[in-house]
Amino acid sequence: MSAGGDGLWQLPEGDTDGGLPGAPSGEPTGGDDDRVARVFLTRVVEPGDETAGRWLRRFGAPEVVRRLRRGGRPLPGVSPKRWQGLLARVEDAEPERDLAVAAAAGARFVCPGDTEWPAQLDDLGDARPVGLWVRGRPGLRMWALRSVAVVGARACTEYGAHTAAALAAGLAERGWVVVSGGAYGIDGAAHRGALAADGATVAVLACGVDRPYPRGHTALLDRIAEQGLLVGELPPGDHPTPSRFIVRNRVIAALTRGTVVVEAACRSGSLVTARAAQRLGRSTMGVPGPVTSALSAGVHELLRGEAFLVTDAAEVTELVGAVGELAPPRRGPVLPRDLLEPAAREVLAALPGDRAAGAGEIARGARTTQEEAVARLYELRALGYVERHDDGWKLTRQAVIAVRAGPAPG
């Protein structure tokens with residue numbers, strides 16, 4: 001694209017000294033110039049570049065693009081070497097082409113100032129995305145308002161995959177949007193769990209939304225695009241790199257109400273997402289695993305800090321949902337003996353397990369009168385717990401099993 005023709009790329013008349021006039025606030029104008037400039041910048045600057053974020057805040061996107069197109073003196077905060085690297089990328093930046101390619105793939109560009117822009121991404125400050133490429137029909141802002149990230153190890157265990165899928169399905173059934181990174185392992189299991197429950201899911205990618213990665217998840221990502229959303233900072237056709245996976249995680253953390261780490265080794269990238277969520281004041285949660293598993297070591301370390309332990313979707317929604325969305329209390333199974341009145345349970349507990357006993361001995365063990373003990377013994381006989389044995393009373397086989405099952409809940 002040439003520097004002339006479109007007024008967006010032309011320098012103001014008289015600007016010959018490398019200055020940066022205009023747009024001192026750096027706030028999005030909401031016009032076409034700002035949008036096209038931001039599309040241009042997705043091709044030039046790397047995601048999460050805080051220096052570029054300061055340029056946008058100070059000068060505005062159109063002015064930053066004009067300066068990049070013209071070259072000359074570097075913008076503040078970059079070395080001449082890095083400036084030359086940015087200028088080299090300018091030659092490949094054709095925003096109209098990127099918008100056309102995205103439209104052909106069913107994608108759109110969402111930027112600050114748009115009604116679809118999730119305001120919580122502004123919490124990232126100068127690391128806020130320049131804009132987001134979004135593929136799918138639903139509105140990103142509305143979906144992000146009630147969303148939870150479920151992330152974890154790529155090389156996960158069967159336990160981790162099952163847990164992630166069940167957790168995501170439970171969240172989806174409760175009306176929550178499940179957000180993850182589209183990767184192998186826990187990410188893929190979380191997406192599949194939400195889809196299996198006919199729920200909503202969003203994959204935040206470290207590449208162009210028209211370029212499925214990993215290749216083995218092409219069918220899964222296409223299905224997400226049909227039922228949910230694919231989101232990314234990089235323009236169409238762009239490829240992932242290790243650093244892009246890491247900076248992508250800040251978007252997952254900022255976009256959602258909380259982050260759940262299902263399985264993660266001590267150096268797992270999913271812990272980057274969790275720590276970013278903590279810095280942003282979001283809820284951070286972890287699912288415990290075997291203490292012998294290296295893939296749970298990172299989660300356990302997280303739980304030793306400020307993260308909350310969760311085991312199912314109800315416990316997650318208790319932390320990220322509205323006031324009053326409480327998880328039900330956990331109780332063991334109710335045994336028949338739990339339904340006995342306290343006095344009857346005391347008498348039942350006073351009977352020896354290996355022999356018959358007289359009413360007096362049982363009364364002393366239950367700390368009651370002999371008359372009361374006899375009344376309770378007849379009651380217990382009617383229920384099948386005791387039987388008469390000569391002049392005494394003995395536990396039935398059913399009662400022995402019930403007593404060995406453990407004490408009744410208080």
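This briefing covers the nonpolar core, the aromatic pairs and the charge–ring contacts of one structure. The model is predicted. Its largest nonpolar core has 35 residues, and the structure contains four aromatic pairs. Two arginines, Arg-154 and Arg-388, each place a charged end over an aromatic ring.

**Nonpolar core**
- Within the largest nonpolar core, the residues that touch the most other members are Leu-121, Val-202 and Val-261.
- Helix α10 (residues 242–255) supplies the largest share of this core, with five residues.
- Leaving aside residues up to four places away in sequence, Leu-121 touches Arg-128, Leu-132, Val-251, Ala-254 and Leu-255.

**Aromatic pairs**
- Among the four aromatic pairs is that of Phe-109 and Trp-133, which is tilted, at 4.8 Å centre to centre and 55 degrees between the planes.
- Phe-109 belongs to strand β1 (residues 107–110) and Trp-133 to strand β2 (residues 132–135), so their pair ties together parts 24 residues apart in sequence.
- Phe-109 and Trp-133 are both buried.
- The pair of Tyr-378 and Trp-393 is edge-to-face, because the ring planes stand at 85 degrees, with the centres 5.1 Å apart.
- Tyr-378 lies in helix α16 (residues 370–382) and Trp-393 in strand β11 (residues 392–395), so this pair links parts of the chain 15 residues apart.
- Tyr-378 is partly exposed, at 39% relative accessible area, whereas Trp-393 is buried, at 4%.

**Charges over rings**
- The charged end of Arg-388 sits over the ring of Trp-393, 4.7 Å from the ring centre.
- Arg-154 has its charged end over the ring of Phe-245, 5.1 Å from the centre of that ring.

Notes. Residues numbered from 1 in each chain as written. Predicted model: local features only at pLDDT ≥ 70, side-chain atom pairs only at ≥ 80, totals over all residues. Heavy atoms only, no water. Core = buried A, V, L, I, M, F, W, Y, C linked by side-chain atoms within 4.5 Å. Buried < 20%, exposed > 50% of the residue type's maximum accessible area, 1.4 Å probe, protein only. Helix = DSSP H or I, 4+ residues; strand = E, 2+ residues; numbered from the N terminus. Contact = heavy atoms within 4.5 Å. Phe/Tyr/Trp six-rings, centres within 6.5 Å; stacked < 30°, edge-to-face > 60°. Lys NZ or Arg CZ within 6 Å of the ring centre and 35° of its normal.
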